[in-house]
Structures are given as C-alpha cells and as structure tokens.
Amino acid sequence: MLRASPEVGDRVSVSASAANRLAVALLAPTEQDRSMTELVLSREGLDPRICADMSDVCELIGRQEIGVLLLADEALAPEARDKLFESLDRQPSWSDLPIVILTGEDELSGALPHNLSGVAEKGNVTLLERPVPVATLTTVIRSGLRARQRQLDVKANLERRHAAESSLRESEMQLRAAVQSAPYPLMLHASDGEILQLSEAWMTLTGYYSTPVTTTNEWAQLAFPDDGRTSILPHGSAELDQPEGESVRLGEHTVRAADGRDRIWDFHRVALGSLPDGRRLWLTAGIDVTEYKQLVESERSARQEAEEANAAKSQFLATMSHELRTPLNAIAGYSELLKLELRGPITQEQREDLERIDRSQRHLLSLINDVLNFAKIEAGHVAIESAPIALGDVVQSLNEFVEPQLREKDLHFTMAHDIPDAQACGDVDKVRQILINLLSNAIKFTPIGGSIELQCHDDEKMLYSCVVDTGTGIPADKLEAIFEPFVQVNRDYASKHEGTGLGLSISRDLARRMGGDLTVESELGKGSKFVLSLPRALAKPLQIGLVAEELR
C-alpha cells in the first residue's frame, strides 16, 4: 500500500497537536497493508484506527470519532460504497470528513474510474496514486486532520453559543415571569424604548396594558400627557453612563391613569446589563405614593391647626390670667386697708371675715399663677438659668413658706440636707418653686397628725431632694398621669383638695429643662415619695451630713 522512501524512512515523529490527536480510520485490502500503514502512521505521531470493513468505518463516522478516513480504492465495492455514501449524507451541517483514497498506479493519469468519481462528488476527497511517499501521505493526512479540527472547533463554538443562548433565553423568561408576577409596579424595557414586560401591578394600577402600549414613548405620552416626561423612561444613548446594578431615584411624578385619575408615583431605575443584540436592559419601578402624600399633607395641616389652636389657647390663658390678677390685687389691697382700720374701726367678726377674703384671694391668685406659668412653658417663654446652686441654702429657706401650713395641720416635719457646700446646677428660683410645690402637695394630702420628711443625698452625677409623706398615696396606674396638665388623683366636684392640677406638670417640665427629672414612688394608703434630681455642679465628692429640725 505504501512505498518507503529512503530519505524519509527514519523520519523523526513530529510533536503531537490537537489535530494530531484525532484518530485516522484505516481500511486496507490486506492484513500486510494494514500492519505496514499502521506502523508508519504511528511512527509519524498519528493515531491509526484499523477497521475490518466499511461497517466499522461508518460506525466511527457516526460517532464522530475520527479526523481522517484513509482507504484503498479496492475497499470501494458497490455495497461498501453505498454504505459510505449513506454515512456521509448523515453528517451534520458543520461536518465534512476528509477522505484520502489510495489508487492504483497510473489510475489518475486519465479519467477517474466510476467508483472514485462518485466518492469525490459526495465527500471531501483527496486521491493519491500508489506508491505514495510517506512524507506526502503524512502531509496530506495532517492537512486533513487540521481541517477536521477546525470543523470540530466550529461545532464546539456552535454548541457553546447554543448553550449560552438557551441559558440567556431561560434567564430572560425567568426575569419576565418574575417581573410579571411582582406585587409592585415594574417595567422591563430596552434602551431603545421597547417594553419587554410589564408587571400585573403596573398594568392594573395604570390601566395601560402591554398589548397596545409597546414602547416607553407610547406609555409616557399616555401617562404624562401634560409634559411628556419621557426622561424617566430612558431610551437611546443618553443614559448609558449608569453602572450596571446601580439604582437611581428618578423622583416623584404625576401619572394619569387610563380612567383619567391622577396619581403620584415615585420612580426608581436599575441598569441590569445588556441584551444579546447589544441593547441596554433597564428595570423601572414605580411606587404609588398618593395616599402617603395625602396622609403627610393631612398630618401637616392637622399639626399646623393644633399648633395654632395651642398658641391661641396659651395666648387666651395668659391674657385671662393678667386680666384676673388686676382685680385680685385690688381685693388684696382694699382688704389690707380695712384691716389697718384706715376707714374706721372694725369688729373681731369683721376681721375674721377679712382673713377669709385674704385666704380666698391668695388661693385664687395661686391658681391664676399656675395657669399663667403653664401657658408660658407651653409657649416656650420660660427662661431657665444654669448656675451653681447651694442646695443647703435653698432647703433652709423653705421653712418660712411651709411652717404656717404645717402648724395648721399639726404635722410632724423632718428636714435633712447635705452640707452647705453641696452644689447642683440649675436655676435657684425654679428649684425653690419645685420644692415648695412638692411640700405644699405633701401637706395637702397628709392627714392631721401625719409626718413629712425632706431628704437629700447624692451620687457621682446627681443631687437628689426627696419629699416623703404619710398621706393617702397614689394608685399605681396614676403614677405617670399625675404629671399631665390638669390631672389630680380622685378629683371630683366634692373633692376637699383645691388646685388646678398643674403644679406637678410644671415642676417636672422645669426639672427636665434644668437637666434633671421629677419622679414618684407611692403605695396607696401608705404615702408617697417625690424625688427631684439635679445634675451636680462640682465634680468633687460630697460629704453627706444630716441636720434635723422638728416642727410642730
């Protein structure tokens, strides 16, 4: 089958390549030809596959396991040739198996024999006339293997492309399905304006469906008839700078639905990447914020109305308090003149009546002052100083304010305080006002013969003044309510306790404005403990002392 050439008989095998690793199907007429050809091809670094007959060849062609078919023309008997033709016809479009046919000597000097011309028309055939130099044969086979390798590369590229397109189509279908079923208004569209998918929520809320509306321009002309805001639904190259995956807020815009209703939507846009045809893919989301905007506007209007009503109330209270104080001061002045007998002598009964008038005047003036102070606090017109306070001096000054009331109800009073140099930070007048209010409440709600105690202690950050009484106590569910304006425990028209219910509210507000607080502990029927806390003015530790004074 082959004729050895002395110049190439000991040729060194070439290095293997991807093409050389493809097999060469060998169909020779005799066992000697098969063995000799197999040896030569193997020495040249090729991979020969010996086939017994044409059926073996066709099986290898069907499995696409060979790169070149090498056979002698004696193997192309009519039946074998028909099998080969049938196998070649079944090749996929990318496949054109190279075939090398070795003919007899001088067979190619004239017209092709009939059995060879048919094969040449059916396949990618190379004819070599025997005897063939080894170099020529291996060169032709290698050329065929390289061509076959290129065909296989095309096949691999086609398969990869098909797999990528299938994966992309599947991803696109999944994305479309996710967008369509999303409970929020979503629009999937390309950079040229083509709408790829609308969510059911988008179509339901707007009334514009994807069948008649196919582009973002068409949708914008329907939804934004007044100004045509097509910029929030980008198309063309103007929006190509947005990085993939980045979300951009497009702002709030009025959208006109198909039924003519105007709604406010908040639009956002995300760049998802590129489609196979190179167009950018966008996902635009719209959130209907109409009800939210209406709620915000309603709350703003309600808050403004409440603030105006509160300001009017505060102004009314302040004006009313000022107007009432003028005649009350006149009552106090004329009562004092009568007691001084400047208008003539008065009897003991008349003097007692004047005392009752004075007490009523002072009580009413106290109520009016509470209302006026509360109005000032609500209006923000109360000035709070922040300065060091000698808490001991403040406590000592309370005697003159509470001694008459204590004596009147025969109460046992114990006053304790820190050493005189213990200082808090706050407004001395406001601190005195708070403590007087706490002591007055304790006297008011402690029965005759009970006891009241004023305690002082400190820690690293705060100074504490505690008013403890053995009065009626406060129910647990009212411990916070008593600090609300106009709230008194068990207050009714038959109550024997007087007052507006503003004292504790004012006192807590003043304490918190000074950086402290006013709290309460109480047990019904056993008494109460009110604690005024104020920040320390000095960092040095205090030595706690106790000075007790009992008043009856």
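Biologist: Is R263 buried or exposed?
Modeller: This is a predicted model, and in it R263 counts as buried, at 16% relative accessibility.

Biologist: Which side chain does R263 meet in a salt bridge?
Modeller: R263 meets E291, with an N to O distance of 2.6 Å. R263 is in strand β9 and E291 in helix α8, 28 residues apart, and the pair links distant parts of the chain. E291 is partly exposed, with a relative accessible area of 44%.

Biologist: What does R130 form a salt bridge with?
Modeller: R130 pairs with D73, the closest N and O atoms being 3.2 Å apart. R130 lies in the loop between β5 and α5, and D73 in the loop between β3 and α3, so the pair ties together parts that are 57 residues apart in sequence. R130 is buried at 14% relative accessibility, and D73 is buried at 9%.

Biologist: How many salt bridges does the count come to?
Modeller: The count comes to 36. Elsewhere, D192, E194, D277 and R279 are linked in a network of salt bridges.

Biologist: Turning to the helices, at what angle do α11 and α12 pack?
Modeller: The angle is about 5°, with the axes 10 Å apart. Angles under 35 degrees count as roughly parallel, and α11 and α12 are therefore roughly parallel to each other.

Biologist: Which residues of α11 and α12 make the contact?
Modeller: F401, V402, Q405, L406 and K409 of α11 meet R432, I436, L439, S440, I443 and K444 of α12. These residues divide into 6 nonpolar, 2 polar and 3 charged.

Biologist: What does D429 form a salt bridge with?
Modeller: Its partner is R432, with the closest N and O atoms 3.4 Å apart. Both lie in α12, 3 residues apart, about one turn of the helix.

Methods
Residues are numbered from 1 along each chain as its sequence is written. This is a predicted model: local features need pLDDT of at least 70, side-chain atom pairs count only at pLDDT 80 or more; totals for chains, interfaces and linings use all residues. Side-chain values use heavy atoms; hydrogens and water are left out. Axes are lines fitted to C-alpha atoms, for helices over the stretch in contact, and angles run from 0 to 180 degrees between N-to-C directions. Helices (H or I, at least four residues) and strands (E, at least two) are DSSP runs, numbered from the N terminus. Angles under 35 degrees count as roughly parallel, over 145 as roughly antiparallel, 65 to 115 as roughly perpendicular and the rest as oblique. Contact means heavy atoms within 4.5 Å. Ala, Val, Leu, Ile, Met, Phe, Trp, Tyr, Cys and Pro count as nonpolar, Asp, Glu, Lys and Arg as charged, and the others, Gly among them, as polar. A salt bridge is a side-chain nitrogen of Lys or Arg within 4 Å of a carboxyl oxygen of Asp or Glu. Buried means under 20% relative accessible area, exposed over 50%, partly exposed in between (1.4 Å probe, protein chains only).
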